[in-house]
Amino acid sequence: MTKLPSWIDILLIPLINLIIALFLSALVVLYIGENPLNALSIMIKGAIGSSYGWGYTLYYATNFIFTGLAVSVAFHARMFNIGGEGQATLGGLGVALVCLMFPWPHWSIALPVAIIGGALFGAAWAAIPAYLQAKRGSHIVITTIMFNFMASALLVYLLVNVLKVPGSMAPETGRFVEGARLPTGHDMLGWVGIKFSKSPPVNISFLIAVLSSFAVWFLIWKTKLGYEIRAFGHSESAAKYAGISPVKIIMIAMLISGALSGLMGINSVMGESERLVLDSVQGAGFIGIAVALMGRSHPLGVFLAAILFGILYQGGAELAMWTKIPRELIVVIQALVILLTGALDNMIRIPIERLYFKMVRANA
Amino acid sequence: MAAPAIKLTNISKNFGPVQANKNISLSVNVGTIHGIVGENGAGKSTLMSILYGFYKANSGEIFVNGNKTIIPDSQAAISAGIGMVFQHFKLVENFSVLENVILGAEDGPLLKQSLAKARVQLGKLSKEYELDVDPDAIIENMSVGLQQRVEILKALYRNANILILDEPTGVLTPSEANHLFRILKNLRDQGKTIILITHKLREIMAATDTVSVMRSGEMTATLKTAKTSPEELAELMVGRKVLLNISKKEPKLGDVALEVKNLRVTDEKGVLRVKGITFDVKEGEILGIAGVAGNGQSELLEALGGFRKSQGSVSVYGHSLNLENPSGQEIRDLSIAHVPEDRQRLGLIMEFSAWENIGFGYQHEPEYSNPWGLMNNKKMRKDADDKMSKFDVRPIDSKLKARNFSGGNQQKLVLAREIERNPDILLIGQPTRGVDIGAIEFIHNEIIKLRDEGKAIVLVSVELDEILSLTDRVSVMFDGNLIGNRLTSDTNAMELGLLMGGEGE
């Protein structure tokens with residue numbers, strides 16, 4: 001049996017999964033007593049019907065691209081990194097420290113340093129579970145979950161005891177200097193003369209996320225390291241036969257994964273809140289898992305899935321505002337997508353495969 | 001004349017576009033041993049799976065003892081009196097013989113009665129068919145030959161009159177295999193009918209009364225064994241004349257290339273599998289390591305290939321290998337190529353396309369990646385096309401995943417990759433396992449060619465014929481030790497067979 005064309009693999013099948021997820025969610029909406037079609041139209045209009053909506057959608061999507069890529073890179077080495085939440089928390093801390101440490105004259109100088117800070121902190125947080133997995137066989141799923149809790153506790157400690165502005169009641173750092181303020185969608189599109197809503201937080205980090213997607217694609221499919229990561233992910237024994245060091249691959253893949261999660265900090269901390277607050281990640285680390293699953297760990301798939309989840313997030317907020325449907329409905333949709341693309345993937349995939357090969361044979 | 005024990009008429013079966021069985025008709029008389037030979041993928045196993053109820057035929061009918069029978073599952077096969085002994089035994093390792101025999105055939109919820117009943121029954125069967133087995137022995141403590149007897153007893157306990165054996169000698173020593181054939185003849189003489197599936201022509205000639213040959217899903221001939229020859233069978237299997245014996249020149253020996261001293265290998269469970277062996281291999285010779293599977297050959301090969309830790313010393317042209325921290329990279333840097341026994345687990349990444357597999361292990365070579373770490377995928381694709389056409393890998397589509405090639409073609413992919421590197425030393429395990437007769441000829445010639453170019457070759461194989469026809473020197477691995485170092489021209493199958501069973505020396 002030959003393989004499905006990639007457009008079926010990374011577009012059609014996720015789309016069908018999404019439609020089923022939306023259909024099941026529609027039943028929930030019906031049960032709540034609202035009209036599902038009405039709800040859908042509010043969501044879509046709210047998410048992509050205006051530049052305001054787009055601004056939020058892309059802001060969320062930026063977070064999800066980073067965490068989705070992080071999960072994908074680890075997946076390619078068959079490491080299930082579910083520590084994106086903690087790594088992004090630490091990444092945010094790294095970004096905040098960079099922004100606070102120096103009176104930056106201009107964002108174009110601050111941003112590269114912040115990128116390094118976020119990536120380093122995120123990678124460092126992934127390094128310990130990676131080392132334990134590589135050297136001692138401690139399961140990465142268990143250790144990364146534990147590191148999520150530790151990251152959150154560490155942040156609380158730092159914000160309450162170390163980084164808090166003296167005299168302030170809020171557990172947050174001071175506002176970053178003006179020179180560390182990233183250009184928003186409004187600013188950037190203004191440069192080329194396009195009008196864009198001023199309020200949404202989408203910023204230049206979105207472009208960094210797009211670049212990161214390219215970089216990950218290049219890494220995985222065009223470099224020797226990517227070749228070795230994929231080989232290791234498919235078969236550890238064969239990788240060992242070929243002289244590929246398991247320790248090296250686990251460490252590098254997890255460090256890259258942690259760094260990508262950490263990069264999320266430039267969007268949420270530097271781009272949006274402009275200070276470090278307690279919950280800057282807001283579950284994006286976990287949504288990265290859904291995004292990676294849905295995108296089949298392919299950067300293009302991850303990009304599209306992240307936009308979709310951005311739409312769901314922003315649309316869900318609108319839904320909560322205009323109807324009695326709670327915002328948690330998007331959690332339901334998200335869970336259904338994970339269930340369908342992760343656990344029940346073959347339910348859709350196998351019939352589609354059969355159908356496709358039947359059609360191919362009929363045409364042959 | 002009595003109705004045939006098994007009669008199949010026009011059985012067809014397809015898996016998607018693949019026609020595994022085409023209009024097969026077969027008739028096996030009661031009280032005979034009937035052999036079925038064919039290359040891998042010829043459809044033997046599919047046919048037997050239909051008979052045993054694992055697959056449903058798309059068309060055709062099955063008659064058992066003259067009665068039309070529908071066999072939807074293995075329960076139905078058992079009640080029709082058909083028993084199957086699989087290539088890989090289906091025994092519970094930590095159960096006793098008795099417990100294994102009644103498994104799935106218990107009467108009632110309480111075990112004690114069934115066990116007592118089975119004990120009596122088993123005693124009777126053992127005596128009747130001379131199948132001596134201790135009913136209280138635990139399976140994992142028994143030899144493979146004995147375990148196979150338990151499988152046969154299991155079938156007989158379920159009143160099987162027709163016994164199907166799928167490649168039964170794969171794991172047996174030659175003397176164990178001969179013993180098995182004696183048992184089968186005994187069963188036949190008591191009126192049982194036996195179907196023996198094998199790809200070894202020698203066994204067909206030794207054990208069967210009649211033989212059917214299958215080729216690409218079709219039954220090409222059914223013959224009386226006494227009236228045919230291995231050459232004729234091979235030709236029927238492949239569809240063209242096959243040279244069963246290859247000719248090779250006298251070896252021209254050079255310097256010692258590989259020197260192994262007191263090598264010890266401990267496996268994952270902490271068991272010492274290779275118990276201090278010493279040998280060397282010279283340029284221009286093929287050293288064969290024979291032995292029944294599981295005597296440490298795999299571990300030896302994996303240690304030499306840098307896959308497994310070991311102790312002792314291994315030197316390659318005077319350079320000592322790091323045995324404490326072995327690495328496949330070090331091996332390749334020393335121009336040693338390793339064709340592993342298990343191509344699917346070690347030799348290939350099954351999810352990679354053929355072209356990605358062609359560079360596997362050699363991704364550091366300057367032709368495949370530059371110093372910045374960028375892969376030269378174009379070069380790898382081109383190499384794949386060249387090597388695949390040279391080794392006649394079919395289908396010749398380098399974009400296809402390794403998974404989608406047949407076992408024989410997967411093996412050719414690995415061989416193409418390793419042999420085409422033109423290594424100084426070639427380590428090769430089971431080069432023709434699962435490979436069609438037609439391709440075996442080609443693979444053997446490639447190995448001989450490398451030897452004639454003055455390369456040192458270590459060949460591990462469980463096929464005695466292969467060892468005898470290919471190697472210049474042979475040692476037998478038994479229980480982790482290397483016994484009997486002989487020139488291949490000075491020994492024979494009988495002597496090696498005894499050594500494989502641990503006798504002699």
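Here a residue counts as buried if 20 or more other C-beta atoms lie within 10 Å of its own, as exposed if 12 or fewer do, and as partly exposed in between, with C-beta atoms placed from the backbone. The model is predicted, so local features need pLDDT of at least 70 and side-chain atom pairs count only at pLDDT 80 or more, while totals for chains, interfaces and linings use all residues. Residues are numbered from 1 along each chain as its sequence is written, and chains are lettered from A and ligands numbered from 1 in the order in which they are written.

**View 1. Strand S19 of chain B, a well-covered strand.** Six of the six residues of S19(B) are buried, so the strand is largely enclosed by the rest of the structure. Strands (E, at least two residues) and helices (H or I, at least four) are DSSP runs numbered from the N terminus. In a regular strand the side chains alternate between the two faces of the sheet. Here B:Arg473, B:Ser475 and B:Met477 point one way, B:Val474, B:Val476 and B:Phe478 the other way, and all are buried.

**View 2. The partners of S19(B).** Two strands pair if DSSP finds at least two bridges between them. S13 (residues 286-290) of chain B runs parallel to S19(B), joined by four bridges, and B:Gly288 sits opposite B:Val474. S20 (residues 481-487) of chain B is antiparallel to S19(B), with six bridges; B:Met477 has B:Leu482 as its bridge partner there. S19(B) and S20(B) make a hairpin with two residues between them, and B:Asp479 in the turn has a positive phi of about 50°.

**View 3. Zooming in on B:Val476.** This residue of S19(B) (473-478) has 30 C-beta neighbours inside 10 Å, which is why it counts as buried. Contact means C-beta atoms, placed from the backbone, within 7 Å. Leaving out residues up to four places away in sequence, B:Val476 touches B:Ala290, B:Gly291, B:Ile483, B:Gly484, B:Leu496, B:Leu499 and B:Met500.

**View 4. A four-stranded open sheet in chain B.** The strand order is S2-S1-S4-S5, with antiparallel pairing. S2 (18-28) and S5 (67-69) stand at the edges with a single partner strand each, so one side of each has no neighbour in the sheet. S4(B) (residues 59-64) and S5(B) pair over three bridges, and B:Ile62 has B:Thr69 as its bridge partner.

**View 5. Two crossing helices in chain A.** H2(A) (residues 36-48) and H3(A) (residues 51-76) pack at about 85°, with their axes 5 Å apart; axes are lines fitted to C-alpha atoms over the stretch in contact, and angles run from 0 to 180 degrees between N-to-C directions. The two helices are therefore roughly perpendicular, a label for 65 to 115 degrees, with under 35 roughly parallel, over 145 roughly antiparallel and the rest oblique. A:Gly46, A:Ala47 and A:Ile48 in H2(A) meet A:Gly53, A:Trp54 and A:Thr57 in H3(A).

**View 6. Where chain A meets chain B.** The contact takes 20 residues from chain A and 27 residues from chain B. On the chain A side, H9 (224-234), H10 (236-241) and H15 (345-363) each supply at least two residues, and H9(A) gives the most, with six.

Terms used:
Contact = placed C-beta atoms within 7 Å.
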